[in-house]
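Please look at the sequence and the structure below before reading on.

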Amino acid sequence: MRLEQRRKPRFAGGGEVFAAFIRPNEPIVVGKIIDISLGGLGVRYLSSENLIGAYDVALFSPFSSQIGRIRAKVIHDKEIEDSLDIQPVRHCGLKFDRLF
C-alpha cells in the first residue's frame with residue numbers, strides 16, 4: 001500500500017471535466033481530469049509524447065464552453081503500462097501556478 005504524501009487532499013474528477021493544455025505555436029492537447037485539489041490536478045490523455053514545463057490550462061465540460069483557465073506546471077508525466085489503445089495513454093500531474 002502506498003502512503004499518501006500530498007499536502008492537500010485530492011478529490012476524484014467525478015464526471016466529464018476536461019483540461020486543454022495550451023501553448024503558443026503548439027498543438028493543443030486535451031485530457032480528462034482524474035483528480036483535483038487546491039494545489040493541482042491529475043489528467044489522463046492520449047499521446048506518444050510527454051508534456052513538459054508550464055502551460056495555460058483551460059478547464060471545460062461538454063455542458064459549458066469553459067469553466068476556468070489556470071497556469072500550471074507539469075510535475076510528472078508517465079505512460080500507463082496497461083494501456084490497450086493504439087495511441088499510448090499517459091497520466092500527468094500538474095501544480096497550479098496562478099489563476100487568470
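## A charge over a ring

In this predicted model, the charged end of Arg23 is placed over the ring of Tyr55, at 3.9 Å from the ring centre.

## The aromatic cluster

Tyr55 also belongs to an aromatic cluster, together with Phe21 and Tyr45. The structure contains three aromatic pairs. One of them joins Phe21 and Tyr45 in a tilted arrangement, with 6.3 Å from centre to centre and 50 degrees between the planes. Because Phe21 lies in strand E2 and Tyr45 in strand E4, this pair ties together parts that are 24 residues apart in sequence. Both Phe21 and Tyr45 are buried.

In soluble globular proteins, nonpolar side chains tend to be buried together. Here, the largest nonpolar core has 17 residues, and Phe21, Val43, Leu51, Val57, Cys92 and Leu94 have the most contacts inside it. At least two residues of this core come from each of the strands E2, E3, E4, E5, E6 and E7.

## A loop residue

Asn50 is located in the loop between E4 and E5. Is Asn50 buried or partly exposed? Its relative accessibility is 38%, so Asn50 counts as partly exposed.

Beyond residues up to four places away in sequence, Asn50 touches Tyr45, Asp77 and Arg90. Asn50 and Val74 are 24 residues apart in sequence, and their C-alpha atoms are 9.7 Å apart in space.

Key. Residues numbered from 1 in each chain as written. Predicted model: local features only at pLDDT ≥ 70, side-chain atom pairs only at ≥ 80, totals over all residues. Heavy atoms only, no water. Core = buried A, V, L, I, M, F, W, Y, C linked by side-chain atoms within 4.5 Å. Buried < 20%, exposed > 50% of the residue type's maximum accessible area, 1.4 Å probe, protein only. Helix = DSSP H or I, 4+ residues; strand = E, 2+ residues; numbered from the N terminus. Contact = heavy atoms within 4.5 Å. Phe/Tyr/Trp six-rings, centres within 6.5 Å; stacked < 30°, edge-to-face > 60°. Lys NZ or Arg CZ within 6 Å of the ring centre and 35° of its normal.
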